[in-house]
Amino acid sequence: MRDVQVLSSPSSSEYYDSHWSSLLGDKGEFEEFRRDRRIEIIKLVDRSLFNRLFQNSSAISQWGSPRDLQDLGIIGKNILDLCCGTGSYTVGMLEFGANSVTMVDGSHRSLIDMDKKIQQSMRNGTVLPQMDIRNIDIRRIQMDCNFLGRDMKKYLYLNNFSEFDLAICRMALHHLRCPFSSIIDVMNTIKVGGRFYFNFFSFGATPPIIRHLRSHFMEKDYDYVFKFLSLFGMVPKVVGKHSLKQIAANDSYFSYPAFPKEFKDTINSLNHIQKIYGLEALQNKINPEDLNTPYIHNLDFEVICRFVKGVDGIALVRERCEPEITSGWFCIEKTSDNIKFDKSMIPKDHFNHNSQEYMYLGRSFID
Ligand SMILES: C[S@@+](CC[C@H](N)C(=O)[O-])C[C@H]1O[C@@H](n2cnc3c(N)ncnc32)[C@H](O)[C@@H]1O
C-alpha cells in the first residue's frame, strides 16, 4: 500500500488524532462498525436493493448476489472517501467491488495502519470474501478539506490520476468551514455523470448548551480542553479524579482548593452554564468533539436542496431527511463539466445566525 501523502493539515487534526488513537486499539472502532457501514452503503446507493436484502433479517448475512452488487454501481469505480475517518466506508466500498478508494482526512492518525487493519479483519473473517486483498488500491491523503479545491487539483496532477467516479462524505460536511463551497469543490473532482453522497447535521442537531459551552471552550487550546476533561474521565481511557457535577454546582471555585487553579475561569463559566441548563444536561452533553471541532454547522435541509438545484452542472438525484437523528442524506450528480458557481450563491446569512461559527477566533480558525 502506498504511503500517506501529506498535503495540508486542519486545526482540528490534533484533536482527531487523539480521538482516533483512542478508538484504534486491538478491537477498535474499525472492527465494530464494519457490518453496519456495509448496510449503510447499500441503503444509500440502492434503497430498493436494501429493502429486498434486509426486510427479512435472515438475509442479513447474504450481502446480495453478484448481480445485486453489479446494480450497486460501485464495481470498477474510483471513489473519493472525503473526511473518511478510519475508513470503514473505504473498506465497504472495496468489498463491493470499487477499483480504488482515495481516503482523505485531516487526521494523519486515522489514515495510518490501513494495511494492518485490513489484514486483521481478513484474519478475523470480518471482510467479505469477494474483497481481494492482493488487488486493493487504497490511496491516503492527509489534507485540510477546507482547501480541497486547491489541494485535490495538486494531488490529481502529481499522481497522474484523473477524476473520481463517485464521492462520499459521511458525517463531516458540517465540520467544514463552508459546506456550500465544499460541495462544489467535490463536484469539481468527479467526472460528468458521477455522483456525490453526503450527509450532515441538520437544524437542531447541536443544542443550545453545546453552543454555550463552545463559546467558552473554543477560546482555549487543545491541551487545556484535554487536561480539563481528563480530570473528570471525559476523554477515552482516562479515569477521572473529580466529579464534574460537584465542581460545577459550587458557587465558589475556592471550595475545591485541590483543584488545579488554571481552570478557575472554566469552573466559573460551567457554574453559570449549569444554572441555565441544569447539572444533568451539563454532565450528559459535554463531548470532546463538540468542544474541539472548529465548525459544527446545523444546516437547513431546504436550503441545501435549493442550493444544489440552483447550480448549473449539478442535479439533485434524491434526498432523505432523517429528523430522528437530525441528519439528512443527499445524492447529487454532475451533469456538465461547466459547473457555474460563484461565491455570491452561498447563503451566508444561513450560518451566521444559526451557528455563529465565525465568531470563535480564539484558536485562529479563520484561515
Ligand atoms: C465525525 S468524523 C466522520 C468520519 C467518517 N466519515 C465516518 O463516518 O466514520 C469526522 C472526520 O472529519 C475529519 N475532518 C474534520 N474537519 C476536517 C478538515 N477540515 N479537513 C479534513 N478532515 C476533516 C476528522 O478528522 C474526522 O475524521
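Two strands count as paired if DSSP finds at least two bridges between them. Strands E2 and E3 pass that test, with five bridges joining them, and they run parallel. Keep in mind that this is a predicted model.

Now step back to the whole sheet. Strands of a sheet pair through backbone hydrogen bonds, either parallel or antiparallel. Here eight strands form an open sheet, and the pairing is mixed. Read across it, the order is E1-E4-E3-E2-E5-E6-E8-E7. Strand E1 (5-6) and strand E7 (314-322) are the edge strands. Each of these two pairs on one side only.

Return to E2. Against E3, Asn78 stands opposite Ser100. E2 also pairs with E5, in the parallel sense, over four bridges. There, Ile79 stands opposite Leu166 in E5. Ala167 stands opposite Phe196 in E6.

Is E2 buried or exposed? Five of its five residues are buried, so E2 is largely enclosed by the rest of the structure. In a regular strand the side chains alternate between the two faces of the sheet. Follow that along E2. Asn78, Leu80 and Leu82 point one way. Ile79 and Asp81 point the other way. All of them are buried.

Together, E2, H6 and E3 make a right-handed β-α-β unit. Just after H6, Gly97 takes a positive phi of about 100°.

Why is H6 described as largely enclosed by the rest of the structure? The reason is that eight of the eight residues of H6 are buried. They include Tyr89, Val91, Met93 and Leu94. Ser88, Thr90, Gly92 and Glu95 are among the buried residues too.

H6 also meets another helix. Helix H3 (residues 34-45) packs with H6 at an angle of about 65°, and their axes are 9 Å apart. The crossing of H3 and H6 is right-handed. From H3 come Arg34, Arg37, Arg38 and Ile41. They meet Ser88, Tyr89, Gly92, Met93 and Glu95 in H6.

In soluble globular proteins, nonpolar side chains tend to be buried together. The largest nonpolar core here has 55 residues. Which members touch the most other members? They are Leu82, Met93, Val104, Ala167, Cys169 and Val186. Take Cys169 as an example. Leaving out residues up to four places away in sequence, Cys169 touches Leu82, Cys83, Val186 and Phe198. Another core, of 16 residues, lies apart from the largest one. Among its members are Leu229, Leu270, Ile273 and Leu291.

Finish with a single residue. Tyr224 lies in helix H12 (residues 222-231). A residue counts as buried only with 20 or more other C-beta atoms within 10 Å of its own, and as exposed with 12 or fewer. Tyr224 has 14 C-beta neighbours inside 10 Å, so Tyr224 counts as partly exposed. How far apart in space are Tyr224 and Glu262, C-alpha to C-alpha? They are 9.0 Å apart, although 38 residues separate them in sequence.

Terms used
Residues numbered from 1 in each chain as written. Predicted model: local features only at pLDDT ≥ 70, side-chain atom pairs only at ≥ 80, totals over all residues. Core = buried A, V, L, I, M, F, W, Y, C linked by C-beta atoms within 7 Å. Contact = placed C-beta atoms within 7 Å. Right-handed = clockwise from strand over helix to strand, strands pointing away. Axes fitted to C-alpha atoms, helices over the stretch in contact; angles between N-to-C directions. Left-handed = near helix turned anticlockwise from the far one by under 90°.
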